[in-house]
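Hi there,

Here is the structure I promised to pass on to you. Have a look at it first, and then read my notes below.

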Amino acid sequence: MSCPQCVEGYELPGEPKGSIQADFQGAYFTAFQSQDASNNHSNASKRAVVLLTDGFGLPLKNCKIIADRISAALECDVWIPDYFQGRPPVPLNAMSGPDKASQKMTVLDWIKFILVNGIPRIPAIISNRPSVVDARLASFFALLKEKKPHYEKIGAVGYCYGGSTVIRLASTSFIHSAVVCHPGPFSMKGVRQMKVPSSWACPEVDIFLSHATRLSAEAIFAANKDKPESFEYEFKDYPGTQHGFAARPNLAYPEIVEAHEKALEQTISWFKKTLVVA
């Protein structure tokens, strides 16, 4: 499913440093490169992060820029699977709309969204429905297990569409830690089924992660806090932001860029804390 906020945003500066890996179903891959020629850490990274994109998929370079920064900060491999198989639900020319919490969609904006980004994208949305995407990711993780057996722990961070996908992944044995950034549609049942530590980056205005929804999700974790099956969690709010700020911030607004940077710091700090390897 798509929404107006899911098809908004801007490109981040810089160029990706990684590469597309044909042997891994077209995934983007970036590895930590040590300044010390004698350091072979990047060749046998014991932990890895899988980044799940928003509806723009791999064509929008932002995900690759973010992956490169996570890789450098954590000194580990980072992967971005092509879980849309080259056909993301949202085209790059659809990036426009409100960026701050104070900005609202007009009736005309909604009509344009439905006619331009809604109806024409129905086939792509159907071909990338959750059940299909989850099956593709199961195949990708099986490939990682086969070809990268040295990964002891894997974390996953997801934005928008990828955020709701990470919630579902957190109920499987594929990952050991999760970061959820302004997720798309998800259910409280899905939250209850999560079984790994999770960190949530929450905007002020979000059609899918309203303040009430965010509180309900946190309440589920809080209710299990003292139980043996509980997992560590955190929710961080970013006042003044809209859905999408962590993945594609409007660079014209310093406060939005700052929120984007803090959400990235949140992601890195969480994985440093929860993806500890010997």
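Which residue forms a salt bridge with Lys 61? The partner is Glu 15, and the closest N and O atoms of the two are 3.4 Å apart. This pair links distant parts of the chain: Lys 61 sits in the loop between β3 and α1, while Glu 15 lies in the segment before β1, 46 residues apart. Lys 61 is buried, with a relative accessible area of 15%, whereas Glu 15 counts as exposed at 58%. Please keep in mind that the model is predicted.

A search of the whole structure finds 8 salt bridges. Another one joins Arg 248 to Asp 54, with 2.6 Å between the closest N and O atoms. Here the loop between β8 and α8 is linked to the loop between β3 and α1, and the two residues are 194 apart in the chain. Both Arg 248 and Asp 54 are buried. Salt bridges also link Arg 214, Glu 218 and Asp 237 in a network.

Now to helix α8, residues 254-274. Lys 262 is partly exposed at 41%, and Glu 258 is partly exposed at 44%. Other residues of α8 are buried, including Ile 256, Leu 264, Trp 270 and Phe 271. Among the elements covering the buried residues are β3, α1 and β5.

Finally, the structure holds 0 disulfides. Cys 63 is buried at 8% relative accessible area, and Cys 160 is buried at 1%.

Enjoy exploring!

Note on methods
Residues numbered from 1 in each chain as written. Predicted model: local features only at pLDDT ≥ 70, side-chain atom pairs only at ≥ 80, totals over all residues. Heavy atoms only, no water. Buried < 20%, exposed > 50% of the residue type's maximum accessible area, 1.4 Å probe, protein only. Helix = DSSP H or I, 4+ residues; strand = E, 2+ residues; numbered from the N terminus. Contact = heavy atoms within 4.5 Å. Disulfide = S-S within 2.5 Å. Salt bridge = Lys/Arg side-chain N within 4 Å of Asp/Glu carboxyl O.
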